[in-house]
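Have a look at the model below before you try the exercises.

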Amino acid sequence: MDPTIGRELYRVMDALVALKVQLSCDPHIPGETLVLSAEKSRDACEALETASASIKHLAAVLNGGEVGDASRH
Amino acid sequence: MQEIPKPLQVYVVEDSPIIRRLLTSTIEAAGAVLVGHSANAMTAIADLGALQPDLILIDISLDSGSGFDVLRALQERNLGPSAIKVVLTNHANPEYQNLSFSLGADSFFDKASETSQVLALIGALAAEKRRRGNQPRDPDNHEGNYNRN
C-alpha cells in the first residue's frame, strides 16, 4: 500500500478519535443541558476539517490524481 | 515549612497535532504540567533524559523513529526509571502490545477505542500525585487504569 494512504488513514482515525472525545458527555447530565463549550466545539470542528482534508487527499491518491498538499493541522 | 507538592509532570511523544492537543488540554485540566512534547523519537529521547517526567505518553508511529525506539532507549539507558510509560496507538495488536511491555511500558491502549481511558488515567495520576506530595511513587500501589499483567 502507498505509504501516503496509510498516513492519511491514520490522520482520519486520529481526527475521529478527537471528535469522539470532544462530543462525549457524562451520561448523568440531564438531556436538555448544553455541555459543549465553544472551545470544544472549535476543537471538534477542527477534527472534522482534518478528517475531511485527509479523505480528500486519499481520494486524490486513489484516483491517481495530483496529491497536492491537503490542509494540515 | 511544608514543601509544596509539584504537580504531575507529563511528556507527550505524539506526531498527530490533534491528538497532542487533546492530551494537552486534558493534562492542563487535570492540574498537571506538560513539560515537553515531540513528534519524533530522537528529540523525545534527548528531552526525556533531561526532563525526568512522572508520566510519558507514547505513540508508536512517529514522524521519524518509533515509540519502540523511545521505550528501548529509556530501558537501555535507564532514563526516567520511575516514570509511568503509557503507549497510545492505532496499531493496537498483541505483537505491539507484547513488545511495548517487554520494553518497559506500563500500559498499552488502543487509540481508536481507549483514548478516553488514557484521559481518565491522566486525571487519576494527577490527583494521586497531589495527594502523595513529593513522595516517590510506589510502583505496586497506584490508582488509574493500568493494564499491564
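Here are two exercises, each with a worked solution.

This is a predicted model, where local features need pLDDT of at least 70, side-chain atom pairs count only at pLDDT 80 or more, and totals for chains, interfaces and linings use all residues. Residues are numbered from 1 along each chain as its sequence is written, with chains lettered from A and ligands numbered from 1 in the order in which they are written.

**Exercise 1.** Work out the strand order of the open sheet in chain B, and find its edge strands.

*Solution.* Start with the order: the five strands run E2-E1-E3-E4-E5, with parallel pairing. (Strands are DSSP runs of E, at least two residues, and helices are runs of H or I, at least four, numbered from the N terminus; two strands pair if DSSP finds at least two bridges between them.) Next, the edges: E2 (33-38) and E5 (107-110) of chain B each pair on one side only. Now zoom in on E5(B), which pairs with E4 (residues 84-89) of chain B over four bridges. There, Val87(B) has Phe108(B) as its bridge partner.

**Exercise 2.** Describe how chain B touches chain A.

*Solution.* First, count: 13 residues of chain B are in contact with 13 of chain A, contact meaning C-beta atoms, placed from the backbone, within 7 Å. Then find the helices: H1 (17-29) and H5 of chain B each supply at least two residues of the chain B side. Finally, sort by class: that side has six nonpolar, five polar and two charged residues. (Ala, Val, Leu, Ile, Met, Phe, Trp, Tyr, Cys and Pro count as nonpolar, Asp, Glu, Lys and Arg as charged, and the others, Gly among them, as polar.)

Technical notes:
Contact = placed C-beta atoms within 7 Å.
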